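Have the model open and follow along.

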Amino acid sequence: MEPPAQQTGDRSRQQLVARRYDVERSCLRCHERKVRCNRAMPCSTCLRINVPCQYPGPGRTKRRSKISSTGRVRTRLGVSERAVTATNHTDSPDITTRSSSLSSQPCGTYINTSVSTGDHTAPTEGLLVKDSTSTRYVNELLFSRVLEKESELQSAINTPASTNNSEASPMIGFDGLISNPQLAADAFSLFPSRGQAAHLWQIFLNNVDVLLKVLHIPTTQPAVFAAINNPKAASKDLNALLFSIYFAAVTSLRQADSHIIFGEDRQSVLKRFQRGLEVSLHSAEFLDSPTIVSLQAISIYLLCYRNHNCGRSGWTLNGILLRTAQWMGLHRDGERFNLPPLECEIRRRLWYQIIGCDARVGEDHALSTNGFGGFSNTKLPLNIDDRDISPNMDVAPTSKPEWTEMTMFLVAAEMNQAIQQVSRLSVAVLNGDDKMTSLEQLLETTTARIKDRYLQHCDPNIPIQKSALLLGQVLMGKLNVFVRQQYLRGLSTEESASRATEQTLLLACDAIEIGNELKTDELLSNFHWLFSTFTQYHLLTYTLWHLCVRPGVHCADRAWQVVDKSFNLVEDPSWPSPGLKWNVLRKLREKALDIRCSFSIPFTSARIPNNLTVAEITGPRGDDLRGGAMPSSIMGFEDAMDWNLDSICFPDWNP
């Protein structure tokens, strides 16, 4: 029998333990759900939802692991940052590149988006859910969090709802939106012969792919020839790609060449391949189940579509393509989702082709797209050849400081990006001096970068390299003219007329002439099908405005020669129609001619040589009073045409 003193001490220690841990605590369910518990037995919450109510025992609860706790805090912090970013959704700078493990994943891949870039946070990446043939992008905050935490639900998002009939299809689809439902839907009867198909593939490689580069030829070519040999065994989206390739190849041909290959007129062949493309896209359920291949097909088709149709349908179809690309998450860089290097590269090429086409078709209809700013963080494609990257690569190659198959594509993509930046900056809320300083710096850095990265490596004796060189010069000229125009923003009619400089007019003339060379150089005849659709709306509009407000400017004769040649080219019946916007330029030209005639200015080239360039004329960017600005009352500015630079007279200042 223990001594009484020892028993008393043991009871005291037991009472201390009990008092220390036997405190009132919430039931397990309320604690897990983090709701208030009334600590009754059973508690009111469990009683209300009719579930068993259990309380933890009197023992000490396990201390949380510091590592686990830190990870949980980091996760919650990331979620909070995404919520703040999604709420603010401000433009953000380029996201810092980081290495990633490029393992393929069967379902969704979630990337933490709390990437710090100075004082900013990158926009939310959301969730990229993958299935066998496509991807789906989700960035709605609550829904993406649910999918992130419940990975088994990621496969369910792409699973059709169950029906009584497993073969049931939607009662309402898009039949007739991109194809005529009254025509037969048998695409196989529309394919060319195998010999014709192989010939068209080579024409596509020579005339289209070198300009477009949305395909990775080493991996695409085997699939193309397999489909040519057995189109019935090919997937429906691959058949759509075949028809878009055939359509593009015939678009790049002259009428006589098309007749030699097919024995029929070019228009009939184009309609057959267009029908085949539409039927294949419809069969592939393009709008509901898009794939990278179907996006490539419609991107190639829409690039050629402008050659045949300048109506609003091009703008509408490009909008469908753009929305579909967003649905697949192309506006988010694939590296952020641990996609393999080749897949990242194909997605980048496709995205920049889509937004570049969107900007061009917008200009046809006097609509400014203004780019995507912080909406997209997709990187530019690499300056590499197709053979430099393959499906089995785990690490992406580095860009080459030389001419590659991607150089032409990148010149257009980077210049389009710079033009959109200048456009956004021109309407930013900044004082005049700060805005012009920023614009000048952007112009200087962009010009230096394009020349250093790409143009210096172009050989003007090689057709495709000469095309890249001339295209880069045209786009840099447009950018320069656009920046110079900003000095005139907000000025009155007379002030803007008096401050319009001869240097800017000469820059516009230089760029227009280079653009005309793209369309007429015999060495570039394989690419005229595309360059003929590059109407110089912006530069011609500025030139005609300048000739109206400064009809006696020293280089007026050269400017008129440039304008006349451009009008003759654009209005050639064998060229693509310029669209309704061209009617405005016709009216501007008529007004400029009336003004010139009313002042009896002789049409002579004696004043200035035809080859005069900007370097041969010096003068300030602001006031250049040579050529005497005409009073608005004399020029008839009281009519319906308002000549203020900020007015509807120039509905689209984006080149």
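Let's start at Asn338, which sits in the loop between helix 12 (312-327) and helix 13 (341-364). Helices here are DSSP runs of H or I with at least four residues, strands are E runs of at least two, and both are numbered from the N terminus. Asn338 isn't a glycine, yet its phi is positive, at about 60 degrees. Most residues other than glycine have a negative phi, and most peptide bonds are trans. Is Asn338 buried or exposed? Asn338 is buried, with a relative accessible area of 14%; buried means under 20%, exposed over 50% and partly exposed in between, using a 1.4 Å probe and protein chains only.

Lys213 is another non-glycine residue with a positive phi, near 55 degrees. You'll find Lys213 in the loop between helix 6 (194-212) and helix 7 (217-229). Lys213 is buried too, with a relative accessible area of 2%.

Pro42 belongs to the loop between helix 2 (28-33) and helix 3 (44-49).

## What you're looking at

A word on the ground rules: this is a predicted model, so local features need pLDDT of at least 70 and side-chain atom pairs count only at pLDDT 80 or more, while totals for chains, interfaces and linings use all residues. Residues are numbered from 1 along each chain as its sequence is written, and side-chain values use heavy atoms, with hydrogens and water left out.

As for the overall picture, the chain has 22 helices and 5 strands. Of its 655 residues, 48% are buried. Take the contacts (heavy atoms within 4.5 Å) with a separation of 6 or more: 73% of them are between residues 24 or more positions apart.

## Salt bridges

Side chains of opposite charge can pair when their charged atoms come close. How many salt bridges does a search of the whole structure find? The search turns up 23, where a salt bridge is a side-chain nitrogen of Lys or Arg within 4 Å of a carboxyl oxygen of Asp or Glu.

One of them pairs Asp386 with Arg349, with the closest N and O atoms 3.0 Å apart. Asp386 lies in the loop between helix 13 and helix 14 (407-426) and Arg349 in helix 13, so this bridge ties together parts that are 37 residues apart in sequence. Both Asp386 and Arg349 are buried. They also belong to a network of salt bridges that links Asp209, Lys213, Arg349, Asp386 and Glu405, and that brings back Lys213, the residue with the positive phi.

Arg558 forms a salt bridge with Asp510, the closest N and O atoms being 2.5 Å apart. Here distant parts of the chain are linked, with Arg558 in helix 21 (residues 556-570) and Asp510 in helix 18, 48 residues apart. Arg558 is buried at a relative accessible area of 2%, and Asp510 is buried at 19%.

Glu571 and Arg586 make another bridge, with their closest N and O atoms 2.9 Å apart. Glu571 is in the loop between helix 21 and helix 22 (581-598) and Arg586 is in helix 22, 15 residues apart. Glu571 is partly exposed, with a relative accessible area of 35%, and Arg586 is partly exposed at 34%. If you set aside neighbours within four places in sequence, Arg586 is in contact with Phe567 and Glu571.

## Helix 16 against helix 18

Last stop: the axes of helix 16 (residues 463-485) and helix 18 (residues 502-520) come within 9 Å and cross at roughly 155 degrees. That makes the two helices roughly antiparallel. The contact involves, among others, Leu470, Val474 and Gly477 of helix 16, and Leu507, Ala511 and Gly515 of helix 18. By class, this contact has 9 nonpolar, 7 polar and 3 charged residues.For the terms in this section, axes are lines fitted to C-alpha atoms, for helices over the stretch in contact, and angles run from 0 to 180 degrees between N-to-C directions. Angles under 35 degrees count as roughly parallel, over 145 as roughly antiparallel, 65 to 115 as roughly perpendicular and the rest as oblique. Ala, Val, Leu, Ile, Met, Phe, Trp, Tyr, Cys and Pro count as nonpolar, Asp, Glu, Lys and Arg as charged, and the others, Gly among them, as polar.
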